[in-house]
Amino acid sequence: SVSFDKNMIAQIVLNGENYAFDNTRGNGGNQWLHPNIVAMEPVDKAWGKHVKACGHASGSTCVRLWSFEVKKMLTVANIRKCFFQAVSNSSWAHEGYLVATAIADDRVEQELRMLSALHGIGVILLDPENPSESEILLPAQKKPDADWQSIDRLAKENGDFHEFIELVSVYFQTGTLREKDW
């Protein structure tokens, strides 16, 4: 379990090469499928009972799903590969981010700005010594809906992600967050 601000509850997702779950696509078929960290933000957590009921009945987004692809250093040599891995791994979520502990120079930052504007993936500069001091350099484009078809595929191919979606489902059904389960 990983903890973030914004009342998010997160989990680390091991990539599918670390264990066999249900790889139906063959060797390389799940490349760039697995995000590093996923999170649920229960937007309705502090809402009153009647407001929650209205939100759910109206089809409003009461839960937001987040996805994070984490890299150590973004350089001119790896920026496009890292960014498009984040696009592939995180576009299913309401918000997807490429997270890095360092950005090599201004050229890399300019490329990130262009790619982020085109593809909607945000960028976070992670302070590994003090994560609460991390900075959102480029906010992700917020999507009104998660891509449930992609989520279904990921849940079928990755046991950690499957467990995450089970916990999200429990929250949807009960409105209860049991943090010990995360």
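Me: What makes a set of residues a nonpolar core here?
Reply: A nonpolar core is a set of buried Ala, Val, Leu, Ile, Met, Phe, Trp, Tyr and Cys residues joined through side-chain atoms within 4.5 Å. Buried means under 20% relative accessible area, with exposed over 50% and partly exposed in between (1.4 Å probe, protein chains only). The largest such core has 18 residues, and those with the most contacts inside it include Val-38, Trp-92 and Ile-151. Helix 5 gives the most to this core, 5 residues. A second, separate core has 15 residues, among them Leu-98 and Ala-100.

Me: What kind of model is this, and which pLDDT do local features need?
Reply: It's a predicted model: local features need pLDDT of at least 70, side-chain atom pairs count only at pLDDT 80 or more, and totals for chains, interfaces and linings use all residues. Residues are numbered from 1 along each chain as its sequence is written, and side-chain values use heavy atoms, leaving out hydrogens and water.

Me: Why is Lys-71 called buried?
Reply: Its relative accessibility is 18%, and the cut-off is under 20%, so Lys-71 counts as buried.

Me: What makes the Lys-71 and Glu-69 pair a polar contact?
Reply: Their side chains are joined at 3.3 Å. The term asks for a pair of N or O atoms within 3.5 Å (within protein, one able to donate a hydrogen and the other to accept it; residues adjacent in sequence count only if both atoms are side-chain atoms), so this pair qualifies.

Terms used: Helix = DSSP H or I, 4+ residues; strand = E, 2+ residues; numbered from the N terminus.
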